[in-house]
Amino acid sequence: MNRAKVNQGNNLADYHDVWVIAEQNEGKIHPVTIELVGEGRKLADSLAKKLAVVVPGADAEDEARKLLHYNVDKVYYIKHPLLKDFSTEGYALSISELILEKQPEVVLLGATSIGRDIAPRIAGKVGTGLTADCTKLEVDGEDHKLLQTRPAFGGNLMATIVCPKNRPQMSTVRPGVMEKAAYHQEIHGKLEIFIPSLKEEEIRTVLIEKVKSDKKKVNLIDAKVIVSGGRGLKAPEGFALVRALAEKVNGEVGSSRACVDAGWIEHLHQVGQTGTTVRPDLYIACGISGAIQHLAGMSEAKYIVAINKDPNAPIFKVCDYGIVGDINEVIPAMIEAIDKNGSFEI
Amino acid sequence: MKIIVCVKQVPDTNEVRINQETGTLIRDGVPSIINPDDKNAIEGALALKDIHGGHVTVLSMGPPQAKEALKEALAMGADEAVLLSDRAFAGSDTWATSTILAAAIEAIGGYDIIFCGRQAIDGDTAQVGPETAEFLNIPQVTYAKHIKAVGDRVQITRYTEYGDYVIEAKMPLLLTAIKELNEPRFPSVRGIFKAYSTDDVKVWTLDDLKIDMTQIGLKGSPTNVFRSFVPVKEKNSLIIEGQNGKEKAAALINKLTDLKLV
C-alpha cells in the first residue's frame, strides 16, 4: 500500500502559521468557522505566527473574502468546479495538497459531521496525528507545542493530547465552545486563490440529492435561552410544559440523552457529550439529574437554573439557582410569574 | 456480498465512575459492551446479508477478553470473527489503530463493504473509520442512516447539519453507522448456543499481519496523552426556598428578571 507515514523525522521548524479550514455550504460559512478564527487568532498570537483561513468551493470567493474582516492575515480560496458540493475525497484531497505545499504548523477544523468526515482523511494523507472534538486549545509555554484538551469516557475525564513529532498539529474543535471572532470594518490580510490538481475520477462518490428538511430548525448553538427537559418529566407529554416555558422566554427546547433514547424528542434537541454543546446566557434544566455527559454540554452557560424533585441531584451542584420541587407545579408557576411581571423581551 | 464489520469493546460509560482523589477511572464492576454505534454497524451488515446473501466477518482489536464482544456478534448472526490481539498493538492512537485494522482487512481481503460505528463511547473520536478507509484507499460515507445496495453500487442517506445527503458509490467502500440506521437485533437462542458453546473466534497477532512497525503501538502513534484530569464543575449554588412551588417560582423569576435574563 502506498500511503503517508508518520514519524519520518521531519524538521518541525519548517512548519509555520495557524490554519482554520472553513466550512461552507452553498456559499454560506458555518458559524463554527468564526469560532475557530477567534481561537486561531489567540494561538497564532501566542506562537507569533500568522493566521490563515482555507475556504474550498466553486463559487464562494465573495464569502471567502468576507472572512478577511475577522482579523485574518490570509485567506486561501481553494477554487475548483468539483468543489461546488461537498465530497469527502474532493475536499480532503485539495485541502491536503495545499497543506503539503504550504506546511502550516496548526490546522483546525470544526467537529461537525463534515469536519469529522474529512479531518481523518486529511491527517491520513499528510501523515500526522489528529485530535478529535477538542474543547480547549493552548500553547505550551516551554516548547510551543499545541495542548489539545478534550472530554473522554462520556465527559467523565478530560485528556490533554499532544502531537510532538509530526506537523501540522491537527484538531477538530467542538462547535459552540470557542468564542467567535469579532467583525472589523478594516482588513489587513489578502486573499490568495489556489487551484488544486483535482480530477473527476478521484472523487469516487456521487451526491444524488440534498434532502431539505421540512422540520423546524433547532438552533441550540446560537440560542440565548434554552429550556431543557430530562427524565424527571416522566412522560413525553412533559415536553409540552418545557415548550410552553421556552416560548415564554424566547428560548429553544433542549433535552437530556435519556429522553432522546426513550424516543420522547428528536436527537437534534439533545444537549451533552453526544449531543450539542451550548453556551446560552440562561439554561433552565427541568427534571434533569445532571449526569456528567449532560454537564459536558452545558456547564459553560452563563446562568444555570435547575428544577428537580430530588434535592440530591448532581445538577444542584453546578446550577446558579435551584428549585427543589415538582416540574408540574413549578413550570406553570414560572409562566404565571413572567406574565405577572409584564413582557420580557431580550 | 462480503462485509467486514469493525467493532470495539468499550466500558459502558453510563456506568463509569471516577476516583476523585486519583483522577482515574474505576473500571471494577463496569460492564463491557459492544460499542453502541458498532452494534448498528453489525445490524446494517446482517440486514444487507439478509437481502443479498453473503458473508459477514466481525473484526476487533483489543485484549483477549474482547472475544466476548465478538461472540455476541456471532450470536447475532455474523459468520466469522477475528480478534487482533498483541502487546505490540497496545497504546495505539487512532492512526496506529487504523493502520492495524487496515492491515487485517487486507489480510482478510476480497471485501465489498467495510462497516464501522460512527464513534466509540469511550474515546468519541470518530476517526478510526475514515483513517482506515484512507489507508485502504477506498471511498467512505460516514453518518449513514439509510443504506440500499443496487448491483455493484450502494446508495446511502447520510446525516449532515444541513439536512440529509443521498450519496452513491461503487463497492468497495467504508460506511460508518449512526443510531438512526436501524434497531440492532437480539441474538437468537440458536445463535447464542452456537457462539458460546464453541470457540470460533480467531485470534491474530502481529505475525499474521503485513505491517510497518514504525506506525503502530505507543511508539508509532503520532498523538499521545500529555495529562488527564477530572473536570471540576462545582459552583456556588443558591437553592431557592419557599412554602410551595408557586412561591419558589415567583422568587426565581424575580431574580432572573433582575439579571435581565427573562
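## Helix, rings and cores

Of the 17 residues of H1(A), 13 are buried, so the helix is largely enclosed by the rest of the structure. Buried means under 20% relative accessible area, exposed over 50%, and partly exposed in between, with a 1.4 Å probe and protein chains only. Helices (H or I, at least four residues) and strands (E, at least two) are DSSP runs, numbered from the N terminus.

This is a predicted model: local features need pLDDT of at least 70, side-chain atom pairs count only at pLDDT 80 or more, and totals for chains, interfaces and linings use all residues. Residues are numbered from 1 along each chain as its sequence is written, chains are lettered from A and ligands numbered from 1 in the order in which they are written, and side-chain values use heavy atoms, with hydrogens and water left out.

Stay with H1(A). Helix H1 of chain A covers residues 31–47 and reaches 25 Å from its first C-alpha to its last, close to the expected 24 Å. That expected span is 1.5 Å times one less than the number of residues. Just after H1(A), Ala48(A) takes a positive phi of about 55 degrees.

Now the rings. The whole structure holds five aromatic pairs over all chains. In one of them, Tyr70(A) and Tyr183(A) have ring centres 5.6 Å apart and planes at 80 degrees, so the pair is edge-to-face. Rings of Phe, Tyr and Trp (its six-membered ring) pair if their centres lie within 6.5 Å; planes under 30 degrees apart count as stacked, over 60 as edge-to-face and the rest as tilted. Tyr70(A) lies in the loop between helix H2 (61–66) and strand S5 (74–79) of chain A, and Tyr183(A) in the loop between strand S11 (169–173) and strand S12 (190–194), so the pair ties together parts 113 residues apart in sequence. Tyr70(A) is buried at 18%; Tyr183(A) is partly exposed at 47%.

Tyr143(B) and Tyr159(B) have centres 6.1 Å apart and planes at 35 degrees, so this pair is tilted.

Another ring meets a charge. The charged end of Arg3(A) sits over the ring of Phe135(B), 3.6 Å from its centre. The criterion is NZ of Lys or CZ of Arg within 6 Å of the ring centre and within 35 degrees of the ring normal.

Last, the cores. A nonpolar core is a set of buried Ala, Val, Leu, Ile, Met, Phe, Trp, Tyr and Cys residues joined through side-chain atoms within 4.5 Å. The largest has 65 residues; Trp19(A) and Ile113(B) are among those with the most contacts inside it. Its largest share, six residues, comes from helix H2 (residues 67–76) of chain B.
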